[in-house]
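Try each task before you read its solution.

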Amino acid sequence: MKITEKINKNSLWLCLFAFIVVFIVPLYDKITDKYLNESLKQAAITYAITRSINAAVSVIQESSLTIGVGVEGNLALGQALDPINDATERFSDLLTFSLWSLGSEKIIYELSKLPAFTIIILILTSACIFYNSKLLNKILLILIVLRLFMPFSATISYYFNKYYFAPNINNLVQKLKPYTKQPVKMQIKEKSFWSKFSNTIENTKNSLTQIQKDAKYYISHAADIINALISLASLYLAQFLLNVILLPLFLIYLIRNFKLE
């Protein structure tokens, strides 16, 4: 009899918690929406700027080969730009992963907001009041935590993002913006071997001079660009660990340590 009473008491507490979640959590949905939308927008802007820098460097490298004059010197310039290319490529991969993660979180959150999800919680809550089933209690607990997790996680992440991540990310993005200007790609319209050498020497010199000028500009700022990308990568990695590792581990801890005996 005592065991039954204990089960009844735990079930009633769980049901009360379920009702609180169903009616209170939606009040925090605006914060969740704001956090997810702002994070996706910020990551997308950072990705676009990173790819713009990568494209600018690639244009210089391709143009240096197109001119065909002083090939060894042009190849050296292209190789000197490889560290920037490599840094932007690696950071783009990290950002792509971050965007996928945020997109997945948004999908899970949108699913947890569906009326059907709330109805299932209410049905299970009613069932748990009248039937002392440990399995039903566990399923209800999992659904409660899933509904509670995103607003809870987003609220914590929102304030971390507002006061730490976003200001630092925006500051670094502003530092990278001057390097997104696209150089004019040097092209030779005629593709034949003879037509390349039939171009005027003056045009070739001008093209080569412009390529060297653009290349030297990026080479002279390579340390600034790479340092900014490394700092951004550290911030996005920390944000990823918080959202995808630490908070979900806390979720698992809650599920495993909630006693329904």
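**Exercise 1.** How many aromatic pairs does the structure hold? Then classify the pair formed by the rings of Phe 97 and Phe 240.

*Solution.* This predicted model holds eight aromatic pairs. For any one of them, you need the distance of the centres and the angle of the planes. The centres of Phe 97 and Phe 240 are 5.1 Å apart, and the cut-off for pairing is 6.5 Å. Next, the angle: the planes sit at 55°. Stacked needs under 30 degrees and edge-to-face over 60, so Phe 97 and Phe 240 make a tilted pair.

Now place the two rings on the chain. Phe 97 is in helix H4 (residues 82-112) and Phe 240 in helix H9 (residues 222-257).

**Exercise 2.** Classify the aromatic pair of Tyr 158 and Tyr 159, and say whether Tyr 158 is buried or exposed.

*Solution.* Centre to centre, Tyr 158 and Tyr 159 are 5.2 Å apart, with 80° between the planes. That angle is over 60, so call the pair edge-to-face. Tyr 158 has a relative accessible area of 11%; the cut-off is under 20%, so Tyr 158 is buried.

**Exercise 3.** Leaving aside neighbours within four places in sequence, which residues does Ser 153 contact?

*Solution.* Start in helix H6 (residues 134-176), where you'll find Ser 153. Its relative accessible area is 3%, so Ser 153 is buried. With those sequence neighbours set aside, Ser 153 touches Asn 243 and Leu 247.

Notes
Residues numbered from 1 in each chain as written. Predicted model: local features only at pLDDT ≥ 70, side-chain atom pairs only at ≥ 80, totals over all residues. Heavy atoms only, no water. Phe/Tyr/Trp six-rings, centres within 6.5 Å; stacked < 30°, edge-to-face > 60°. Helix = DSSP H or I, 4+ residues; strand = E, 2+ residues; numbered from the N terminus. Buried < 20%, exposed > 50% of the residue type's maximum accessible area, 1.4 Å probe, protein only. Contact = heavy atoms within 4.5 Å.
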